[in-house]
Amino acid sequence: MLDMNQIVGSHDIVLLTLDTLRFDVAQRELAQGNLPVLSRYISAWQPRHSPGSFTYAAHHAIFAGFFPTEIDNPAAPRLMAVDFNGSRTIDPRTRVFNEANIVAGLAQAGYFTLCIGGVGFFNKKTPLGMTLPGLFQQSYWAENTGVTDPASTFNQIEMAKQLLDQQQGQKAFLFINVSAIHQPNYFYQYSNKQPDDIESHGAALRYVDSQLANLFDYFKQRRNTLFILCSDHGTCYGEQGYVGHRLAHNNVWTVPYAEFIQRAVVE
Ligand SMILES: [Zn+2]
């Protein structure tokens, strides 16, 4: 396990939630060599259990330090946590904050905190859509970073780079809720056929992968960076009669997880 007491304060931290990504599709695409950018960093996804079955629930837990749980070891120590009496998943490598969530904790530790949405819970259009973005010092959403724009990931990363360029001297906690894999995703298939299905789900992930080098290369020029990539929940395409998420099904609660450090290029 990483020692987060060494990382917080010295590294940039990037959290990407690949919204709605299913574990089985993520692992299949990686194993088949369809994710050339991510393959430079990971050889497999860890299967984990999400703390929630839909975006709002899962992100509240994640921002409180409850990242998806190791399936074989649910009591594994957590990377980051907020002070909570009796927690058995905190050890000396866990960075424990006194604030109510890790976003506020990282801000208190000197980080510039930035949220780029995302699906509807990050669209800032209503008080509910402000709740999660409101945890951050700066938060942004636009139609072209939302679920309906086929270039959403490109737009999200470009927006993040532009905003981080203004904070070069400060360590950053960047959160992007990657919206591309969330429905609708049919337009990532060459055939463009509707409705969404497990094949267009995979095609959307391949699109996301094609954009990530732009983000990884950017941080290589900034400083050493911890990347955490996970899904917030999966989704069903008719298995056992279930469609969508916000329901209890293996395809919803099992999510892919990865974490890795990228070293900065020393000039
Ligand atoms: Zn979600």
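I looked up the largest nonpolar core first: it has 67 residues. Leu114, Phe173, Leu174, Phe175, Ile181 and Val208 have the most contacts inside it. Such a core is a set of buried Ala, Val, Leu, Ile, Met, Phe, Trp, Tyr and Cys residues joined through C-beta atoms within 7 Å. Buried means that 20 or more other C-beta atoms lie within 10 Å of a residue's own, with C-beta atoms placed from the backbone. Helix H7 (residues 198-220) gives the largest share of this core, 7 residues.

I note that this is a predicted model: local features need pLDDT of at least 70, side-chain atom pairs count only at pLDDT 80 or more, and totals for chains, interfaces and linings use all residues. Residues are numbered from 1 along each chain as its sequence is written.

I then checked Phe173. Leaving aside neighbours within four places in sequence, Phe173 is in contact (C-beta atoms, placed from the backbone, within 7 Å) with Ile13, Val103, Leu106, Tyr111 and Thr113.

Last, I looked at H2 and H7. Their axes, lines fitted to C-alpha atoms over the stretch in contact, come within 10 Å and cross at roughly 60°. Val25, Ala26 and Glu29 of H2 make the contact with H7 residues including Ile198 and His201.

Conventions. A residue is buried if 20 or more other C-beta atoms lie within 10 Å of its own, exposed if 12 or fewer, and partly exposed in between; C-beta atoms are placed from the backbone. Helices (H or I, at least four residues) and strands (E, at least two) are DSSP runs, numbered from the N terminus. Two residues are in contact if their C-beta atoms, placed from the backbone, lie within 7 Å. Axes are lines fitted to C-alpha atoms, for helices over the stretch in contact, and angles run from 0 to 180 degrees between N-to-C directions.
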